[in-house]
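Open the model in your viewer and keep the selection tool ready. The stops below go one selection at a time.

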Amino acid sequence: MTSRLVVLGAGTAGTMIVNKLRRKLPREDWMITVVDRDDVHPYQPGFLLLPFGRYNPQELTRPRHEFVPDGVELVLGEIERVDTAADSVHLADGRTVDYDYLVIATGTSPRPDQTPGMLGSEWRKSVFDFYTFEGAEALAGALAKFDHGRLVVHVTDMPIKCPVAPLEFTFLAEAWLREHQLRDRVELVFVTPLPGAFTKPVASEQLGDMLETRKVVVESDFLVESIDNERKCLVSYDEREVPFDLLVTVPLNMGSDFVERSGLGDELNYVPVDKHTFLSTAHENVFAIGDAANLPTSKAGSVAHFSVDVFVANFLEHVDGQAMTGSFDGHANCFIESGDKKALLIDFNYDTEPLSGTYPIPFAGPLGLLKETRANHLGKLAFRWIYWNILLRGRPLPLPSNMSMAGKHPAEHDATHTTKELP
């Protein structure tokens with residue numbers, strides 16, 4: 001009897017899963033299907049660099065079917081709902097896809113409609129996002145014309161996809177303004193709902209110092225209530241206001257609407273799962289992975305990569321009736337572009353703060369943790385090739401799934417660092 005595995009979402013996590021499991025599951029025993037709304041796979045980390053002319057639009061998308069292996073069916077269509085009682089997925093066009101095991105990997109998306117005024121008269125005129133291809137491309141045009149005024153970078157609320165990206169945009173914008181001799185004509189403001197620059201205190205302190213060195217004004221603990229389009233300002237729930245000439249906002253991020261319609265999600269449409277095994281807390285044959293799950297770690301591509309490695313082994317044990325022995329520790333690492341062709345790298349998990357040291361080879365690197373280096377910048381640029389050619393295709397990378405402490409320094413040394421004057 002053939003078992004049916006259905007994966008919802010052919011993004012980073014979903015594509016890796018079908019590639020890895022197709023090699024592991026006997027074809028005569030398993031039918032694998034992956035469902036997505038379209039045949040366009042974006043390289044989302046590239047959206048950050050698109051407004052600064054670092055990438056051409058053509059470099060950031062490829063057809064999804066190029067990465068779906070032989071022996072996996074790709075179904076294109078909008079997902080209407082999941083019927084967990086009948087073990088079936090209903091598509092908007094009336095088709096039904098039945099499953100024995102379901103993996104939800106539909107990610108998270110910006111929802112500007114959730115903030116009053118965000119989609120008002122200034123949308124894509126003076127209010128922009130860069131978490132979508134269309135938004136990043138429109139912002140590129142606006143930034144090219146911007147030569148004075150108040151540039152505000154704003155985060156609506158957490159969690160968001162790639163939580164360091166707003167900071168990266170701020171650092172890149174500051175460097176871009178200096179490069180174009182505009183820095184003294186622009187006030188740069190970073191507005192965040194957090195008490196500091198980032199969610200992790202050690203990294204937040206260092207990143208906050210970097211913002212201060214670059215003379216970026218930080219407006220913290222700011223929970224936006226609305227955007228006033230006529231007066232061009234952000235308005236918080238405690239009635240603070242932040243005026244802008246150009247606003248680069250990160251809207252509220254939410255999981256897919258079908259998750260809510262299916263009764264599978266929390267208030268932000270993320271699927272509650274065991275944070276170590278990714279198994280749904282409500283259904284024994286449903287998993288959620290990557291940005292679609294309510295994991296208490298970054299919604300980032302590295303988390304998808306590391307968690308998929310743990311998931312695949314767990315899934316094989318689970319369908320064989322065994323206890324799952326793999327335990328994901330929340331491992332994440334993120335490059336943070338800091339401008340001037342340099343970047344930082346942070347490495348952390350559920351329980352451990354970002355530490356200084358070296359990565360991925362202990363004591364040898366070549367990448368430095370919590371340190372601005374050109375090697376880290378080159379590492380971020382090199383990742384695009386790795387993403388298309390290795391990661392998505394489910395090929396192994398010599399990186400541990402769970403966080404290694406080898407080559408890292410104790411946390412008490414990480415709060416001490418120096419800043420440098422910028423050119």
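Select strand 16, residues 233-236, together with strand 17: the two run antiparallel and are joined by three bridges. Pick Leu234, and its bridge partner in strand 17 is Val242. This is a predicted model.

The three strands make an open, antiparallel sheet in the order 15-16-17. Strand 15 (224-228) and strand 17 (241-243) are the edges; each has a single partner strand, so one side of each lacks a neighbour in the sheet. From one strand to the next, the twist averages 20°.

**Stop two: Ser121**

Select Ser121, in the loop between strand 10 (109-110) and strand 11 (127-128). Show Asn229 as well: the two are 108 residues apart in sequence, yet their C-alpha atoms are 6.4 Å apart. Ser121 is partly exposed, at 47% relative accessibility.

**Stop three: salt bridges**

The whole structure holds 22 salt bridges. Start with Arg37 and Glu78, whose closest N and O atoms are 3.3 Å apart. Arg37 sits in the loop between strand 2 (30-36) and strand 3 (40-42), Glu78 in the loop between strand 5 (72-76) and strand 6 (79-83).

Next, select Asp340 and Arg178; their closest N and O atoms are 2.8 Å apart.

Move on to Arg240 and Asp238, a salt bridge with closest N and O atoms 3.2 Å apart. Finish by selecting Glu174, Arg178, Arg183 and Asp340, which salt bridges with shared partners join into one network.

Notes
Residues numbered from 1 in each chain as written. Predicted model: local features only at pLDDT ≥ 70, side-chain atom pairs only at ≥ 80, totals over all residues. Heavy atoms only, no water. Pairing = 2+ DSSP bridges. Helix = DSSP H or I, 4+ residues; strand = E, 2+ residues; numbered from the N terminus. Axes fitted to C-alpha atoms, helices over the stretch in contact; angles between N-to-C directions. Buried < 20%, exposed > 50% of the residue type's maximum accessible area, 1.4 Å probe, protein only. Salt bridge = Lys/Arg side-chain N within 4 Å of Asp/Glu carboxyl O.
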